[in-house]
Amino acid sequence: MKNNFHVLIIDDHPLISKAYRETLEIVFEDHSVDLRISECQNIDETLSFMQSGKFEDIDLVFLDIKLPEASDGTMISGEDLGIKIRQKYDCKILISTTFNDNYRIYSIFKSIDPDGFMIKNDLTEKELFSAINGLIAGYPYYSKTVLELMRTAMNQDYYLDEIDRKILYEISIGTKMKNLPKILPLSIAGIEKRKRNLKILFNVEKEGDKGLILAAKEKGFL
């Protein structure tokens, strides 16, 4: 291991961030490493952190998926932020989320390919300790609930890409169909096709947009 290790915690819950920080400090007591911890509470703060150039030194990111959307509307959740981090930086990503639906978990795996994944409701000091130790040693870490959900989803294609999630978001905030092609790189026909596929995926083929949005919220995509 190198002689310094920089962790970025991206979470809007102070108690969760405090637990991460305290466990990291305990883990690194056993290593001759200079531990540095930075924190961001939302997407906007993280984007500013990226622009500052400080992200180049990050070794491990703790990323909460359920973050408020960016102020400019370009990112609607921690998943979008995770995709950007994965594309731009060579660091490990540990996802933590309250979502425990196999649709959502599988989608996050496909879009971000995290090095670690934990469900917050399962979070204990022992599990967090094991996750951090595993990741700094170069091993992936997935909590028991995540592994069980993934086994359930393995034979099904639940993946929603960035455009699917953006369609759901825009519909949920009341954007009119005629205005969607101005926001998305699709025609009206292309958007309608995506909506039909989403309704099939969520088993709400005979329902309108309201039913689709309710189903998407239940699955944790909104």
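Colleague: How many residues of domain 1 are in contact with how many residues of domain 2?

Modeller: 10 residues of domain 1 touch 7 residues of domain 2, where contact means heavy atoms within 4.5 Å. Keep in mind that this is a predicted model, so local features need pLDDT of at least 70 and side-chain atom pairs count only at pLDDT 80 or more, while totals for chains, interfaces and linings use all residues. Residues are numbered from 1 along each chain as its sequence is written, and side-chain values use heavy atoms, with hydrogens and water left out.

Colleague: How do you know where the two domains run?

Modeller: The bounds come from an automatic or database domain assignment, which gives domain 1 as 4-154 and domain 2 as 162-219. Their C-alpha centres are 28 Å apart.

Colleague: What area do the two domains bury between them?

Modeller: About 840 Å², with 48% of that on carbon and sulfur atoms. Buried area is the accessible area (1.4 Å probe) that two parts lose on being put together, summed over both. On the domain 1 side, Ile76, Asp101 and Tyr103 lose the most, together 54% of what that side buries.

Colleague: What makes glutamate 79 and arginine 165 a salt bridge?

Modeller: The rule wants a side-chain nitrogen of Lys or Arg within 4 Å of a carboxyl oxygen of Asp or Glu. Here N to O is 3.7 Å, so the pair passes that rule.

Colleague: Why is α7 called roughly perpendicular to α8?

Modeller: Helix α7 (residues 162-172) and helix α8 (residues 188-201) pack at about 90°, with axes 10 Å apart. Angles of 65 to 115 degrees count as roughly perpendicular (under 35 is roughly parallel, over 145 roughly antiparallel, the rest oblique), so α7 is roughly perpendicular to α8. The axes are lines fitted to C-alpha atoms, for helices over the stretch in contact, and angles run from 0 to 180 degrees between N-to-C directions.

Colleague: Which residues meet there?

Modeller: Ile163, Asp164, Ile167, Leu168 and Ile171 in α7 meet Ile191, Arg194, Lys195 and Leu198 in α8.

Key
Helix = DSSP H or I, 4+ residues; strand = E, 2+ residues; numbered from the N terminus.
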